[in-house]
Amino acid sequence: MARKIDLVIEICGSAGEGTISAGEILSRFMSSQGFEIMSFDTYPSEIRGFGKCVAHSRISNQKIFSPGKNADVLVALNDVHSISQLPFLKETGILIFDNKPLRYHEEDKSIAGWVEPGIISYGIPLHELAQRAAGSSRGRNMVALGAIASLFGINAKAFEESIIKRYSKKSRIVIDSNVNSFIEGYKWAKENITKINGISFESPGIKPSRKKREIINGNEAVARAAIDSGIHLFAGYPITPATKIMEILSKELPGRGGVVIQTEDEISAIGNVIGAGFAGKRAMTATSGPGFSLMTELGNLAIMAEVPAVIVNSQRGGPSTGLPTKTEQSDLNIAVKGGSGDSYRIVLAPTTVEECYECTCLALYLAEKYQTLVVLLLDFFLSNSIRNIDSPKKPAIKLLDANKAPGNRDLKSYKRYKITGTGISPRAIPGTPGGMFVSTGLEHSEEGLPRYDSETHEKMTEKRYMKIQKALKEIPKPKRSGCKKNIKVGVLAWGSTAGSAREAVAEAEKCGIRAAFMSPLSLSPLPVDEITEFANECEILLVPELNSSGQFADLIAPYVYKKIEKLNMVTGLPMPSEDILSKIKEIAE
Amino acid sequence: MPKKDHYVIIGNGPAGNKAADVLRENDRNARITILSDEHFSFYYRHKLCDFMSGVIDEDTLKVKFYKEYKEKNIRLRLGQRVEKIDPDSKTLFLKHMEKLRYTKLILAVGSAPRVLPSLLRYKDYFTFMSNYNDAANVKSMLENIKNPIVIGGDLIGINFIKMLSRLKKKATFFMYYKSFWPFDLDIKKADAIRLSLEKNNIKTISGDPVKTISRRDADYIIETESGREIEGDALFSFMGRIPNIQFIKGSGIDTERGILVNEYLQANYKDIYACGDCAQIYNLELKDYWISIGWENSILQGEVAAYNLLGEHRIIKPMSKKIFNVEGIKVKTSWWNQLKT
């Protein structure tokens, strides 16, 4: 059996130093070598400036579900920023730093001055080597990657090829500069560093996958799924961390007969989506907290007028513009309940990149079939996290055309909002002969005519509620793992926190704690039966989530009949499985 | 609000640590920093042989643990080498390119292995056992060593060769009794030591010094002045120690063999003091400079340097003579009166 390789490498630098690029290159390359990857980046909100950037990659030859809390290796491209990252390096970690910067650091501004015993530090003249390789110190990130390859037994030739591939669309000079810097770092480390650590990526014992694998992040998965699901229109206003979805679609969609519109604001974006949905075309938008707030009212129109619309909300720290480049799960309340009146909608929260793809396909299908608003709740971490996954399976034909069109009999006396047993009414696409109707945000009769009487409002409210409940049957049931009975601690998690929770439960079991994990994909409608059953099986129920108040815990509280232990964090970082494990241990005592 | 003093001590041995403790006891507010180019916390150098042979573990080797420095609010910077001192601007320049400013400085940089001038050209062949890293390195080598050669000597060298013998290594000891450290041996005492070592099955060559050293594959070949040829698979040198002051030269701080300090352990700059193995101390009675050796001397000097730095005027006095027992031979020494190169 191959030895376990499970390492976290962090590259820390200043904006503009190629920190995030280096992390992405490392993650994608290690992924291509068959390793499991879980990565995320943190960077400043400002477009220009010198803020702190961290590229975090967990690399393993085993299945992993969380990004890992502390780093085994910290590469400091910028000393001042990296000093504040040093507490996240393991006590026996490895530090790679520039030991020949352009000038002396003032007191306490050098990371080497803060290294504590136990940490192995390798000083590498990053500036000098980059200068030598490319005549500029900009290639320090590549020098660092070369040193990493040398120190940790990574196939340098293959790595070099991946760098060439990464910059293949750039000029020869750019390609050569990067490659030469990489080689310089590799050679220098090989010749000058006597390795005294046991870290190595050699002989990982990874069996080649029979399935085609892909290196992809959450945003890429959403964009790909949207294309594969046949969207005709994407309208959006750029906002971190969702912008990448629009970027990808703006390149891909026009060539496939679709349209991408960059609108003047988010209200206009959702307006475009509703317009396309009304016209019978699949459409979606992608935004984040502040943009999602703006979309709330028109989202309600989609619900009331029963028009398909999909909003991808990649959550970041809030409220308001908040923390644009940090992750959080604090838009749950507005996603599930935001808006006036009883505005029932579907809210899906993928937990992995694979599910980002699957849920996007499902969202477009459900929006069309149930003629309503579907919100897909991602977050900064899931949007940007690179994973190595099996190539997603394209959506089944059934998912590609879900509109319940009116039959001839319906069209004889067409009622767009006809009360049916399922709550779904036959939907005529404008232009359908005999299918004319009035569509409005006002409460309306089955024909669509404004009505304000209590009987109509009750009937229609019930109709809109019922169809959402019916949709639950089409959404995969909550996933479970861990103990099946005599559960001491049950962990109920959603969205990107689910991976960490699942890993924490597995570790808790190894420690002899009877723990179990459950994660629902659908947050609205809630899979109440499964949640109640799970809660009943657990002596203690723990809900970890990245918000301050415990929004999910409060959402499920009416159905669990017991006190819920909350674990809330608003650090702007993904929730570490280690912290969930600590909490499990604490409450299990 | 006045700025706090920043007392910097270079060296994490007995002198540096004693000085830091005294400074902290008497000045609760000052910043105190100890700089050491070693990565390992304060340890008993004389126990390195026991550590190498596995008699004691790493923790037992330590005099003080890292957390103890934190508790005393003393910042210990390990693995950080000072490359240059600028006494005028009171700035230290560290190898990793950081400037560190002090208000007062204590140099307790200790000593480095001495190599006899006649053997200097073979310096790269020698494995030294000067610090923890060396010991850890030798420890990892020991299993594969069969017939080591040890050139000595000094007291640690004798302990080392005996340790090798206990580990059933076929060791050869070249005893340089005329250059013994820290005291001279006459031929009579040298012979007595040789006989004692040979009783322990240690082949000891005395009075026939090394002429040349060459390599044959992985082995070392020593040819002696008398034409004898000795082959070994490892080569160690234990020729005593010399003050470790190379980086201080050219800084303006007066040095000779060591750092020249007055009877108050003060260098030619008023805010700089030196103590321990690196200090060459003016003795009022002898009207000459002396270098001391030994753990106790270092502690005493560290204490005196710290008090004087704080404003007192304590005069350093030599410890009373110490009797060393070398293989049953009693040798008296305290102050080293002959500065050997």
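Pro241(A) is found in the loop between β8 (233-236) and α8 (243-252) of chain A. Helices (H or I, at least four residues) and strands (E, at least two) are DSSP runs, numbered from the N terminus. The bond joining Thr240(A) to Pro241(A) is a cis peptide bond, with omega about 5 degrees.

This is a predicted model, in which local features need pLDDT of at least 70, side-chain atom pairs count only at pLDDT 80 or more, and totals for chains, interfaces and linings use all residues. Residues are numbered from 1 along each chain as its sequence is written, chains are lettered from A and ligands numbered from 1 in the order in which they are written, and side-chain values use heavy atoms, with hydrogens and water left out.

**Backbone geometry**

Chain A has another cis peptide bond, from Ser524(A) to Pro525(A), with omega near 0 degrees. Pro525(A) sits in the loop between β18 (522-524) and α18 (528-537) of chain A.

In chain B, phi is positive at Lys168(B), about 65 degrees, although this residue is not a glycine. Lys168(B) belongs to the loop between α6 (155-166) and β10 (172-175) of chain B. Lys168(B) counts as exposed, because its relative accessibility is 74% (buried means under 20% relative accessible area, exposed over 50%, partly exposed in between, with a 1.4 Å probe and protein chains only). Asp217(B) also has a positive phi, near 55 degrees, and is a residue other than glycine. Its loop runs between β12 (210-216) and β13 (219-224) of chain B. At 77% relative accessibility, Asp217(B) is exposed too.

**Two residues of chain A**

Tyr43(A) lies in the loop between β2 (36-42) and β3 (52-60) of chain A. Its relative accessible area is 23%, so Tyr43(A) is partly exposed. Cys53(A) is ten residues apart from Tyr43(A) along the chain, yet their C-alpha atoms are separated by 4.2 Å. Contact means heavy atoms within 4.5 Å. Leaving out residues up to four places away in sequence, Tyr43(A) touches Ile20(A), Lys52(A), Cys53(A), Thr240(A), Thr325(A), Phe380(A) and Asn384(A). Thr240(A), one of these, is joined to Pro241(A) by the cis bond.

Asn217(A) is found in strand β7 (residues 213-217) of chain A. Asn217(A) is buried, because its relative accessible area is 7%. Its side chain reaches the backbone nitrogen of Glu220(A) at 2.8 Å. Beyond four places in sequence, Asn217(A) touches Val353(A), Leu382(A), Ser383(A), Asn384(A), Ser385(A) and Ile386(A). Asn384(A) is among the residues touched by Tyr43(A) and among those touched by Asn217(A).

**Two interfaces**

The size of an interface is often given as the accessible area lost when the parts come together. Buried area here is the accessible area (1.4 Å probe) that two parts lose on being put together, summed over both. A salt bridge is a side-chain nitrogen of Lys or Arg within 4 Å of a carboxyl oxygen of Asp or Glu. A polar contact is a pair of N or O atoms within 3.5 Å; within protein, one must be able to donate a hydrogen and the other to accept it, and residues adjacent in sequence count only if both atoms are side-chain atoms.

| Interface | Buried area | Share on carbon and sulfur atoms |
|---|---|---|
| Chain A and chain B | about 1600 Å² | 47% |
| Domain 1 of chain B and domain 2 of chain B | about 2200 Å² | 72% |

Between the chains, 18 residues of chain A are in contact with 17 residues of chain B. On the chain A side, Tyr104(A), Glu107(A) and Pro117(A) lose the most area to chain B, together 41% of what that side buries. Six salt bridges are counted between chain A and chain B. In one salt bridge, the side chains of Arg101(B) and Glu106(A) meet at 2.8 Å, N to O. The side of chain A that touches chain B has seven nonpolar, four polar and seven charged residues. Ala, Val, Leu, Ile, Met, Phe, Trp, Tyr, Cys and Pro count as nonpolar, Asp, Glu, Lys and Arg as charged, and the others, Gly among them, as polar.

Chain B is divided into domain 1 (6-112 + 242-336) and domain 2 (115-239), with bounds from an automatic or database domain assignment. Their centres, taken over C-alpha atoms, are separated by 29 Å. The contact takes 21 residues from domain 1 of chain B and 28 residues from domain 2 of chain B. Zero salt bridges are found across this domain interface. Five residue pairs are in polar contact there, both at pLDDT 80 or more.
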